[in-house]
Amino acid sequence: MPYSETSGDRILSSHQSGRQARFRAWVLVVVPVVALIFQAYVPLFYPPLAYLDLALLVTIYFAMMRHSPINGILVGCGMGLAQDALAHNPLGMYGICKTLVGFFAASIGVRIDVSQPFVRLLACVVFYVFHQFLFWLMSRALLDKLIDFDWQQTLILSGFNAVVGLALFHFLDKLKDKD
Amino acid sequence: MDSLLNRYRSITFLLVMLVAQMILLAYTVKNPDGVRLIRLWAVTLVTPIAQVAETTRSTVYGVFHNYFDLRDARAQNRRIQAERDQLKLENLYLKSELGTADRVKALAAFQVRSPSKYVAARIILTATTSASKIVVLDRGSNSEVEKGMAVITPDGIVGKIIDAFPTASQALLVTDPEFAAGVVSQKNHVKGILHGAGSGKCRIDNVQAEEKVDVGEMFFTSGDDRIFPRGLPVGKADVVKDGPQYKEILLYPSGLQAGPEEVLIVVAGVHQEVPAYEAPQPDQKVYIGPPVPQSKADESMPALSTEADRLREHYQSIGKFENHTFGTGSVPNFNVKIPAAVAAAGSAAGTSAATEKKPEPSKPVPPPGTPLATTPAKNNEPSAGEAPPQNP
C-alpha cells in the first residue's frame, strides 16, 4: 500500500491538536499586556528587575504551548514591536528578534513535549541567549552601534530569567482552557 | 504552487514578517518620527493602566505612611505627656515640620522662585529594556509638553523629552549614552559636553587637557544646547584625569541621585547666571603654643648663615675697624687686616658663625658682578695700585 502523505499529516495533526494548549481570548490579550506593563513599571521601584525580560518569557510560553509557528510569529512580532515602541528603539529591532524566537519556540513545541520543567528551563536559557545575541548582532550590523556582548552577564541573566520563567509557566498553565 | 506554499506556509509567513519588519526598521531609522502610530498605540494602551497602577500604589503607600506617622505621633504624644518636657515638645514640633516638607512642596517652591515656566510630571514607566535609559512621564502634548523640552528637578537636570504623546511623553535620561548637553564648570568656567555613560554616571567630553578642572567642582548647564536653560545644576566632578588631548571627567548627575519620582518639564526656559563660586571657609583658628625657651647651650650655638651674610658681616667689621660709615660716598680699605679680637667683637652683633672664626686675610675687593668664589686668595700682599694696610 503506497504511503499517503495526506493521511500521515492528518495523524500528526491530530497528535498535535491533542497536545496543543488552548487559552481563552482574554488570556491571550491580558497576559502580554500585563507582562509589558510589569516590565515597564516595576523596575521603577526595583531596578534589578529591568533584567527580567518578561515579554520574551511570555512569547516563548505562548509559542511553545500553542504548537503553531504562525501563532508564535504573531505573538513574538506583537510583543517585540510593543517593546520597541515603549523603549523608543527603532521599530523592528525587538520585533525581529522575538519573531524568530516565537517561530523557533513553536517549532520546538511541535516536536518535543514542552510540559517538562527541565525542557522549559533549557528552552528559556537557550532562547534568552539567542535573543540577546541576535539583538546585539542587529545593533552592530544594522544600527552601527559599537556595543560589546557580555557573555558572562548574558549567561547569568539567562539563568535568572529561566528560573522566573519556570514559575511563570507553571502559573500560566493554570490559565489554560480545560474544555 | 499552492501546495508548495501550503507546505511551507510557516516559513513563508516568517519570511514575510521578517521582510516587513526590516522595511519598517529601515524606515524608522531614516525617519525617527515617521511611524508614530505604532508608538502612539503602544503608549496609549499602556499609559492608562500604568497611571491606575501608580495612583493605586501612591494611595496605598500614602495610607500606610500616614498610618505609621499617626502611630508615631501618638507614641510621641504619650511620651510628652508623661515627661511634661517643653524642650521635647518643641523638638517634636520641629521634626514633624521637617517630615511634612515633602518633595511636592519642594518642587512648588522651586517653581515659584525660578523664572522659567514648568509643568510638574510624574515618572510612571521606565524603558522595557535594561539597555536604554528612558522613562515615561504622565504629561503629554495636552499639557503643552513638546519634544526637546528639558526635564529637571530642583537638584539638577534629569533628561529631555524625546517624544510627546497626548497623555504621556517619553524622556531620555542624562545617563543614556545618546544624551548630550552643554555644561560649564562653576569655578574655572570650563565648557564641555555632557554625555551619559550608560551606567549611573555621566562623562564630560571636549575639555582640553590644559584646562583646569578640580575634583568636586560643580558643573552647570551652559545653555548652548538650546534645550536646558543656563544655570541649572548638573553634578559634581567625581573623577578628573588628564588624557592625551582631552580630560576624562566623570560625574554623578545630581538630578538622579535621589531617584526622582516627580520631575519638572521646562515649558518656557529662562537663562540664569551660573552661581558664583564661593571658596570654602578658611580653617578655624588653631592654637599654637609658646616657643620653647632657649637654653644657654642653644644660645652659644652659631646661627646658620649664607656666604653673603658672612661677607656682609666681614665688611661691617672692616667699617667698624676703620670707623667708616657706609653710604657717605667714600670707600674704606677692604684689604685691611683686622685683628681677631676686633673681628670677634664685630661679629657678635651679627651672631654670625663666619665672624666668630679667625678672619681670613684681606682679599682684593672684587669688582661688582664678579663671582665671589672666583676671588683669588693667594696671599696677603697688597697688589699694585692698592692702598697699604693701615693700622689704627
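**Close-up 1. The salt bridge between A:Lys145 and B:Glu178 in the predicted model.** A:Lys145 and B:Glu178 are joined by a salt bridge (a side-chain nitrogen of Lys or Arg within 4 Å of a carboxyl oxygen of Asp or Glu), with 3.5 Å between the closest N and O atoms. The count of such bridges between chain B and chain A is one.

**Close-up 2. The side of chain B that touches chain A.** Two or more residues each are given to this side by helix H2 (9-30), helix H3 (36-83), strand S1 (117-126) and strand S4 (156-164) of chain B, where helices (H or I, at least four residues) and strands (E, at least two) are DSSP runs numbered from the N terminus. The largest share, 13 residues, comes from H2(B).

**Close-up 3. The extent of the contact between chain B and chain A.** With contact taken as heavy atoms within 4.5 Å, 40 residues from chain B and 40 residues from chain A take part. The two chains bury about 3,500 Å² between them, 75% of it on carbon and sulfur atoms; this is the accessible area (1.4 Å probe) lost on putting the two parts together, summed over both.

**Close-up 4. B:Phe219 in strand S9 of chain B.** B:Phe219, in strand S9 (residues 218-221), counts as buried because its relative accessibility is 0%, buried meaning under 20% relative accessible area (1.4 Å probe, protein chains only). B:Phe219 and B:Val234 lie 15 residues apart in sequence, and their C-alpha atoms are 5.4 Å apart in space.

Residues are numbered from 1 along each chain as its sequence is written, and chains are lettered from A and ligands numbered from 1 in the order in which they are written. In this predicted model, local features need pLDDT of at least 70, side-chain atom pairs count only at pLDDT 80 or more, and totals for chains, interfaces and linings use all residues, while side-chain values use heavy atoms, with hydrogens and water left out.

Methods. Buried means under 20% relative accessible area, exposed over 50%, partly exposed in between (1.4 Å probe, protein chains only).
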